[in-house]
Structures are given as C-alpha cells and as structure tokens.
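Here is a short report on one structure. Look at the sequence and the model, then read on.

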Amino acid sequence: MSAPLKIAVLGASGRMGAEAVKAIETATDMELVAALGRGDSLDTLLEVGATHVVDLSVPSSTETNVRFAVEHRMHAVIGTTGWDEAKRESLATLLAKNPGTGVLIAPNFALGSVLASAFAATAARYFESVEIIELHHPNKVDAPSGTAVRTAELIAAERASAGMDPSPDATETQIEGARGAVIDGIHVHSVRLRGLVAHQEVLLGGTGEQLTLRHDSYDRASFMPGVLLGLRTVASRPGLTYGLDGYLELGR
Ligand SMILES: NC(=O)C1=CN([C@@H]2O[C@H](COP(=O)(O)OP(=O)(O)OC[C@H]3O[C@@H](n4cnc5c(N)ncnc54)[C@H](OP(=O)(O)O)[C@@H]3O)[C@@H](O)[C@H]2O)C=CC1
Ligand SMILES: O=C(O)C1=N[C@H](C(=O)O)C[C@H](O)C1
C-alpha cells in the first residue's frame with residue numbers, strides 16, 4: 001500500500017472545513033497533517049510536510065492560500081468561491097512555472113450538482129428560454145453562488161455552439177435587480193433563506209412545456225465524496241482543472 005496523502009485543510013473551523021476534516025480523518029489513504037484557520041501561518045504547511053491542500057476558506061483569502069501552496073509544489077483542491085476568469089488565468093500561469101503540480105477548482109463537490117449542471121447544459125440546446133435560481137443559507141457571503149456561475153457558463157457555451165439566440169425577454173422597464181444577475185447572457189436569481197443549505201434549479205422553457213432540473217444538498221456531507229475524489233485525483237492531473245466534471249466520465 002502506498003503512503004497516505006499528507007493533507008492540510010485551510011478554513012478548517014468553517015462549516016465545510018470541519019466536515020472535510022472529519023472525512024479526511026476517516027479516509028485510510030489520507031493523513032490530516034494540519035487544520036488551519038484565519039491568522040494561522042501558511043509556513044505551517046511546510047513545517048508539517050503537506051503534499052495536498054484543501055482550501056475551504058473565504059473568497060478574500062483563497063487566492064493567497066492557493067498561490068502559496070502551488071509555489072511550494074503542493075497540489076490543491078479548492079472549494080472556495082471567488083475564482084473569476086482573471087484569477088484562474090493568473091493561477092494557470094503560475095502552474096505553468098510549476099509543472100507537475102495539480103489544482104482543482106470545484107465550484108461544487110456534490111456529484112448530483114455536477115451532473116445536474118451537465119444535464120442542464122445539454123438540455124439548454126433544445127429550449128428557447130433558460131434561467132437559473134440558486135437558493136442558499138443566509139450565512140453565505142457571496143452571490144450568485146459559484147455553482148450558478150459555473151452552470152451559467154456551461155449553458156452559455158452550449159447555446160453558443162448550437163447558434164442559439166438569447167432567451168426571449170420583452171422587459172422594457174425594471175427595478176434594478178428584478179431580473180437577477182446576468183452571466184454570459186443567462187439570468188441568475190439568488191435566494192437566501194434560513195433553513196436552506198445549497199440548492200439550485202435550472203428552468204428551461206419551450207413552447208407549451210417546461211423542464212426543471214433541481215439539485216438539493218441538505219447536508220454538507222453531500223460534498224465529501226467529491227472532496228475525497230478531488231484529493232485522490234489532483235496529483236495525476238497537473239495544471240488547472242476547473243470543475244469536478246473534469247475528473248468524471250460524463251460522456252460529453
Ligand atoms: N465547492 C463546494 O462544493 C462548496 C463550496 N463552498 C464554499 O466554501 C467556502 C467556505 O464555505 P463555508 O464553510 O460555508 O464558510 P465558513 O465561513 O463557515 O468557513 C470559512 C472558514 O475560513 C476561515 N478563514 C478566514 N480567513 C482564512 C484564511 N486566510 N485562511 C484560512 N481560513 C480562513 C474562516 O474563519 P473565520 O470564521 O475566523 O473568518 C472560517 O472558519 C465558501 O466560499 C463557499 O461558497 C461551500 C460549500 C460547498
Ligand atoms: O456557500 C455555500 O454554502 C456553497 N457554496 C458553493 C457555491 O457558491 O456554489 C457550493 C454550494 O452551493 C454551497
């Protein structure tokens with residue numbers, strides 16, 4: 001049997017970080033070597049000899065954390081939101097200088113969510129209208145969710161390759177925000193509600209019919225199989241992978 005992966009969790013006291021710590025401690029092929037939070041020095045990662053980092057911190061710190069890891073040739077699995085195109089490009093440039101190091105940015109680790117986004121992108125070629133509603137707990141600091149952004153990007157790419165027009169919309173006047181955020185031409189609406197965890201609906205409309213693709217995470221345990229899959233795979237995928245779908249055989 002090969003040596004266990006030496007894993008550090010960043011954001012370890014948070015809602016996701018605490019769940020990841022439990023999952024890693026339970027995995028027989030992994031060793032938790034550090035559980036760090038705000039104010040802890042990243043030099044600890046070097047002192048404990050971490051080979052892999054899981055970043056589940058906050059959008060304002062994730063880039064600094066991950067760049068440190070890559071500069072020291074640690075593989076990184078990122079669940080934290082905030083990785084826009086400019087940040088991803090900059091990270092890819094850094095990775096090119098550190099060949100052999102792998103990074104996964106996973107907007108959503110839940111396998112059902114990854115599948116739902118892929119199904120939605122496929123379906124969006126066949127429906128005139130598409131909009132996204134994402135629904136989350138009220139402690140979430142960013143909107144729209146990273147998952148909704150990624151889903152909109154996938155849908156927009158499919159519709160562009162199919163030569164489709166924008167979804168029809170006759171709105172002439174509106175109160176700002178009434179039609180949601182627009183990402184690559186796709187409208188995204190964000191709900192924050194006590195009692196929710198993480199949920200998303202993609203509404204697809206055609207003449208006389210509607211298809212709704214909904215995914216619900218009722219518990220953060222739903223994200224852990226994806227976190228562990230990411231950790232087990234990332235070292236064999238040098239460079240940057242955006243989306244856990246990059247590690248799955250989705251037949252697309
Ligand atoms: N990809 C996925 O499947 C999922 C992604 N997420 C994303 O993960 C992120 C975390 O979510 P959640 O756990 O709910 O958030 P929390 O706020 O519960 O946790 C974030 C943790 O990070 C800590 N932190 C702050 N700054 C740093 C730093 N510089 N280094 C290390 N840790 C730091 C915070 O500490 P303090 O409290 O002191 O600020 C807190 O403990 C979000 O971006 C969220 O959108 C969430 C669920 C699933
Ligand atoms: O903050 C959360 O809770 C979640 N964040 C991620 C996102 O923004 O998409 C993943 C999941 O939706 C839960």
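At what angle do the axes of helix H3 and helix H4 cross? This is a predicted model: local features need pLDDT of at least 70, side-chain atom pairs count only at pLDDT 80 or more, and totals for chains, interfaces and linings use all residues. Residues are numbered from 1 along each chain as its sequence is written, while chains are lettered from A and ligands numbered from 1 in the order in which they are written.

**The helix pair**

The axes of H3 and H4 cross at roughly 15° and come within 10 Å. Axes are lines fitted to C-alpha atoms, for helices over the stretch in contact, and angles run from 0 to 180 degrees between N-to-C directions. So H3 is roughly parallel to H4 (angles under 35 degrees count as such). Their crossing is right-handed (the near helix is turned clockwise from the far one by less than a right angle).

Helices are DSSP runs of H or I with at least four residues, strands are runs of E with at least two, and both are numbered from the N terminus.

| Helix | Residues | In the contact |
|---|---|---|
| H3 | 62-71 | Glu63, Val66, Arg67, Val70 |
| H4 | 85-96 | Lys87, Leu91, Leu94, Leu95 |

Contact requires C-beta atoms, placed from the backbone, within 7 Å. The residues of this contact divide into 5 nonpolar, no polar and 3 charged. Ala, Val, Leu, Ile, Met, Phe, Trp, Tyr, Cys and Pro count as nonpolar, Asp, Glu, Lys and Arg as charged, and the others, Gly among them, as polar.

**Around ligand 1**

The shell around ligand 1 divides into 10 nonpolar, 13 polar and 2 charged residues. Helix H1 (residues 15-26) gives the largest share, 3 residues.

Key
Angles under 35 degrees count as roughly parallel, over 145 as roughly antiparallel, 65 to 115 as roughly perpendicular and the rest as oblique. Two residues are in contact if their C-beta atoms, placed from the backbone, lie within 7 Å.
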